[in-house]
Amino acid sequence: MTDILVEVRHGARWVPVLRYADLVPGRGVAVLLGEEQVALFRDREGALHAVGNRDPFSGAQVISRGLLGSRGATRVVASPMYKQVFDLSTGTCLDEPTAPDGTPARLPVWPVRTTPPEGGPACP
Amino acid sequence: MTAPTTRPPKELVLVGHGMVGQRFLEALYEQPGAGAWHVTVLAEEPRPAYDRVHLTSWFSGTTAEELSLVSDKFMERHGIALHLGDPATAVDRNTRTVTSASGRVLRYDALVLATGSYPFVPPVPGHDTPGCHVYRTLEDVRAIRAEAAQARTGIVVGGGLLGLEAAGALRALGLDTHVVEFAPRLMALQVDEGGGAVLRRKIEELGVRVHTGAGTSAVEAGPDGRVRAARLSDGTELPADLVVFSAGVRARDQLARDCGLPVGERGGITVDTACRTADPRVWAIGECAQAADGRVYGLVAPGYAMAETAARRLCRGEAEFTGADLSTKLKLLGVDVASFGDPHGTAEGALDVTFTDSRSGVYKKLVIGTDGSLLGGVLVGDTEAYGVLRPLALAGQPLTVPPEQLVLPAAQGGDVTPRLPDKAVLCSCHNVTGGAVRAAVREQGLTGIAEVKKCTKAGTGCGSCLKTLSTVVRDELAASGTEVSRDLCEHFAHTRAELYEIVRVRGITDFTTLVDSHGTGDGCDVCKPVVASILASLGNGHVLDGEQAALQDTNDHHLANLQRNGSYSVVPRVPGGEITPEKLIVIGEVARDFGLYTKITGGQRIDLFGARVDQLPAVWRRLVDAGFESGHAYGKSLRTVKSCVGQTWCRYGVQDSTSLAIELELRYRGLRAPHKLKSAVSGCARECAEARSKDFGIIATSAGWNLYVGGNGGTTPRHADLLATDLDKATLIRTIDRFLMFYIRTADRLERTAPWLERLEGGLDHLRAVVLEDALGIAADLDAQMARHVSGYADEWAAVLDDPDRLRRFTSFANAPDVPDPTVTFVPERDQIRPARPGENGRPLRELVLVPAQGAGR
Ligand code: SRM
Ligand SMILES: Cc1cc2nc3c(=O)[nH]c(=O)nc-3n(C[C@H](O)[C@H](O)[C@H](O)COP(=O)(O)OP(=O)(O)OC[C@H]3O[C@@H](n4cnc5c(N)ncnc54)[C@H](O)[C@@H]3O)c2cc1C
Ligand code: SF4
Ligand code: FES
């Protein structure tokens with residue numbers, strides 16, 4: 001039996017970060033890629049989302065500790081610090097357009113995949 | 001820049017700092033031109049104005065401070081010179097000066113008399129025998145209570161509103177109580193014969209003996225020179241140790257008489273519709289004045305209206321006081337009584353509609369005019385309808401429903417509530433009409449009672465209009481389509497209380513089932529923690545188990561409090577604030593070894609700040625090994641039960657408050673609730689533990705424990721209400737159990753007990769009925785649920801440490817479990833750490849504190 005792995009693309013490389021099974025649906029973890037921190041989530045349908053871990057409103061690396069949910073049809077994560085909500089597919093903040101430092105309030109979005117693809121032939 | 005210190009050009013002297021005097025000052029400073037006046041107040045009483053209307057509540061624990069009507073700094077802010085205990089003794093209108101007892105001579109450009117009234121004591125032989133009292137000031141009630149301790153029997157002379165209030169107080173002090181009333185019935189001014197009869201029966205049921213149609217002809221002294229008995233006009237002799245005269249009041253108009261101002265035939269300084277006396281520089285307001293309609297009003301609402309009139313006029317505004325309505329609603333000795341409009345049906349052709357049920361002690365009478373309009377009425381035993389009927393009567397419009405329906409009990413087809421007309425005064429204390437409330441809701445976009453109270457002042461006086469106010473506000477919101485939805489969020493069209501019932505009744509144990517069957521979408525950061533809390537309240541195991549882990553906010557998820565730089569704080573439980581030196585040392589050692597910042601919290605325990613997520617288990621390993629448990633500083637659950645040192649050490653303590661606090665904290669620890677819960681226990685009435693600012697607070701009495709509920713510090717402070725007195729410990733605990741479980745069942749999301757209690761229909765009385773008398777028949781359920789909580793409690797942190805699966809969540813990085821988060825940085829401050837600010841060159845904990853703290857390599 002092969003474990004399904006989660007991979008995030010860092011530069012030109014897909015980096016395996018953890019086993020898919022170790023992700024709790026509806027929650028996230030933080031992943032360190034070089035100097036950068038990525039917040040990785042598995043939603044309740046099983047889909048993966050990876051965005052920057054830094055909360056633009058507090059500057060703290062905490063997005064991975066936020067709660068997942070939906071706003072209308074959009075999958076979102078709420079920052080645990082001051083509760084602003086971000087669209088997981090685009091990284092944009094749905095509550096406030098700019099961060100306190102004047103930059104657009106947007107989380108970088110990271111490409112993420114499973115290998116072998118979840119539900120694919122190697123599935124246990 | 002230096003502040004301008006010039007004194008306002010014109011001198012205003014206010015004589016009397018009672019309820020109306022204070023309202024006058026407030027109204028004055030609400031006027032744009034108030035800055036022209038420099039105000040000096042001469043007050044006879046030794047303290048600033050207080051709420052005389054609620055004087056009787058002093059006997060049941062309301063303190064003098066709570067009765068005070070003067071907010072902190074009010075006098076200072078407005079530069080008012082207040083001279084307490086220094087009454088005015090003379091007015092010279094030629095020199096325009098007022099002289100005070102201490103010899104002050106104050107010049108005035110305007111003089112406002114607000115001297116109130118004095119209690120009338122019939123000049124019967126022996127009326128000044130020691131043991132005779134009146135009932136008007138805080139000093140009076142203090143004296144009554146002091147003497148009641150040695151007395152067995154008390155007589156109240158006068159069966160009016162005040163007399164019955166005094167009788168209630170004597171009864172509560174444990175005296176055999178008699179009321180002697182000259183008129184053929186009690187409260188002759190307000191109620192008619194039928195109402196008087198029902199009232200009498202109800203009051204006698206409470207053990208107060210009523211003698212009507214009899215005057216007091218003499219008070220007799222015993223050999224010790226103190227009151228021994230009272231003799232009635234019908235020859236009866238009533239033994240008595242204490243007599244309270246409450247035979248009406250007389251306007252205090254002597255100052256005016258002495259300086260030649262006209263007064264009314266039966267007393268009261270004559271004023272015009274502007275509240276001005278015959279001398280244009282002298283004004284009179286409140287109970288000392290005879291209004292333009294020839295009446296001397298003995299109620300506070302007309303006095304307030306006069307105060308506002310005078311204040312406006314003094315600032316060149318328009319206002320008139322032409323008369324007021326004498327409606328009253330009271331709860332006397334537990335009996336509701338109300339009268340409004342013209343209760344005696346004196347108008348020509350007026351008809352009565354009455355309903356009497358002697359068994360349940362309900363009497364209702366409506367007076368209907370020839371045109372079908374409601375003129376007035378009397379309600380005894382059930383005053384539900386007062387809030388709507390009184391304004392209807394005052395509006396004088398024809399009724400839209402048959403009057404019988406307004407007096408019949410709901411079960412018999414009654415209780416159709418007519419709409420309150422816009423013109424009708426809804427809140428008479430502040431003279432706010434139904435229309436004004438509706439306009440405020442509509443035009444200012446207000447969405448709740450609290451906002452409406454703040455903006456219109458309605459409901460902030462005696463409180464008797466609150467129920468009607470909330471109906472009007474709710475209906476208006478509904479009508480304008482902007483009804484504040486109580487839905488939890490877009491995923492659940494239910495309130496928290498409804499969800500709680502759904503989860504409880506259906507036995508649901510996970511979020512997915514709940515959102516799929518009763519909601520939509522994936523949920524969010526609002527509904528998920530709420531459901532997590534409901535599941536936890538209903539005892540669904542560890543808060544990090546299974547799907548519950550995915551519902552918890554970060555604080556609950558990491559069992560610690562998130563700080564601004566992404567680190568966490570750790571608060572071990574210190575029940576009741578009591579801690580051994582050994583345990584204190586352990587906390588110190590843990591903090592030192594991990595380099596954490598320590599602080600004594602406002603909750604009598606110690607907070608350790610700056611731990612990274614990956615350090616939490618190691619910190620807790622040390623704490624748990626030393627016998628500490630989670631303090632739930634992160635949860636919407638019991639925080640602390642603060643204690644004072646109590647009887648064990650304190651020379652004033654009357655019970656062991658520390659032991660009780662510890663017992664309560666251990667009992668309710670871990671109990672998840674709609675919001676956090678705080679408690680405290682004080683060992684005596686000095687209240688060093690500040691129990692009355694807590695969700696449930698306990699104050700020791702020599703006979704047991706007084707339980708207060710619904711207190712709050714924080715954003716909207718509120719003193720807790722007295723729920724029950726002199727409870728023994730078992731009853732106390734049972735009552736708290738039920739109170740907490742009832743709150744958990746019915747409160748909204750993030751609604752602390754204070755706003756919950758304010759919102760609870762029926763208020764404190766209803767709560768009492770539920771938790772003390774089991775009015776809803778749910779007490780056994782609530783008890784069982786608390787029993788389950790108590791027996792099911794286990795320390796959350798110990799459970800995490802025992803479980804490798806749960807422990808795995810406490811890493812900074814899933815792909816690098818051993819790497820600490822390099823972005824969590826600190827700088828030193830006062831020999832400890834604090835989070836680095838943006839742009840500051842902070843360093844990770846290990847490098848920064850641990851090395852220098854161990855003294856190595858400096
Ligand atoms: C640590 C402490 C301040 C201190 O250094 O003394 C504190 C710290 C916090 N308080 Fe507090 N409160 C602390 C005592 C109080 C008190 C005093 C008391 O409990 O005797 C009050 C007023 C009493 C009351 O609650 O009625 C208080 C009223 C609040 C409020 C306003 C609550 C309200 O109903 O208005 C909040 C906000 C909230 O809970 O929504 C709050 C929220 C917070 C939070 C949780 C804010 C947050 O979300 O980060 C703080 C986090 C604590 C942490 O990170 O560890 N804190 N807070 C105190 C911890 C006491 C303890 O041992 O558990
Ligand atoms: C127990 C009780 C219950 C009541 N219940 C109700 C109720 O339910 N509803 C209701 O509407 N009303 C009620 N009242 C009546 C209400 O309290 C009065 O209508 C109200 O207090 C009148 O306000 P005032 O300022 O005119 O008089 P007060 O409040 O009496 O104030 C007058 C002040 O002037 C001071 N003073 C007098 N002479 C001088 C002087 N020469 N120099 C300086 N100061 C002086 C007095 O000491 C006093 O402090 C109740 C009264 C009592 C005693
Ligand atoms: S509340 Fe009473 S017992 Fe407690 S410390 Fe204060 S005075 Fe002492
Ligand atoms: S009527 Fe007294 S507060 Fe409204």
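This is a predicted model: local features need pLDDT of at least 70, side-chain atom pairs count only at pLDDT 80 or more; totals for chains, interfaces and linings use all residues.

Colleague: Which residues does UniProt list for "binding site"?

Modeller: UniProt positions are given in the numbering used here, feature names are shortened, and annotations may be inferred rather than shown by experiment. The unreviewed UniProt entry lists Cys644(B), Cys650(B), Cys684(B) and Cys688(B) under that heading. These four gather at one spot, because no two of their C-alpha atoms are more than 10.8 Å apart although they span 45 residues in sequence.

Colleague: Is Cys644(B) buried or exposed?

Modeller: Buried means under 20% relative accessible area, exposed over 50%, and partly exposed in between (1.4 Å probe, protein chains only). Cys644(B), at 13% relative accessibility, counts as buried, whereas Cys688(B), at 59%, counts as exposed.

Colleague: Where do Cys644(B) and Cys688(B) lie?

Modeller: Helices (H or I, at least four residues) and strands (E, at least two) are DSSP runs, numbered from the N terminus. In chain B, Cys644(B) lies in the loop between strand E32 (638-643) and helix H20 (657-668). Cys688(B) has its place in the loop between strand E33 (677-682) and strand E34 (696-701) of that chain.

Colleague: What does Cys688(B) touch?

Modeller: Contact means heavy atoms within 4.5 Å. Leaving aside residues up to four places away in sequence, Cys688(B) touches Cys644(B) and Ser682(B). With that same exclusion, the residues that Cys644(B) touches include Ser657(B), Thr658(B) and Val681(B).

Colleague: Which residues come nearest to ligand 2?

Modeller: A residue is near a molecule or strand if one of its heavy atoms lies within 4 Å of it. Of the 29 residues around ligand 2, Glu44(B), Glu45(B), Arg136(B), Glu287(B) and Val300(B) come nearest. Helix H1 (19-29) and helix H5 (161-172) of chain B each supply at least two residues of this shell, and H1(B) gives the most, with 3 residues.

Colleague: Which atoms of ligand 2 lie 2.9 Å from Arg52(B) and from Ala88(B)?

Modeller: An oxygen atom of ligand 2 lies 2.9 Å from a side-chain N or O atom of Arg52(B). For Ala88(B), a nitrogen atom of ligand 2 is 2.9 Å from a backbone N or O atom. A polar backbone atom of Val300(B) is 2.8 Å from an oxygen atom of the ligand. The protein covers 93% of the 980 Å² of accessible area that ligand 2 has on its own, with such areas taken from the Shrake-Rupley method with a 1.4 Å probe; for residues, only the protein chains shown count as cover.

Colleague: How many helices and strands are there in chain A?

Modeller: Chain A has 0 helices and 9 strands. Buried residues make up 50% of its 124 residues. Chain A exposes about 5500 Å², of which carbon and sulfur atoms supply 53%.

Colleague: Why is helix H9 of chain B described as largely enclosed?

Modeller: Helix H9 (residues 386-395) is largely enclosed by the rest of the structure because 9 of its 10 residues are buried. Among them are Tyr386(B), Arg390(B) and Leu392(B). H9(B) is followed by Gly396(B), whose phi is positive, near 65°.

Notes. Residues are numbered from 1 along each chain as its sequence is written. Chains are lettered from A and ligands numbered from 1 in the order in which they are written. Side-chain values use heavy atoms; hydrogens and water are left out. A polar contact is a pair of N or O atoms within 3.5 Å; within protein, one must be able to donate a hydrogen and the other to accept it, and residues adjacent in sequence count only if both atoms are side-chain atoms.
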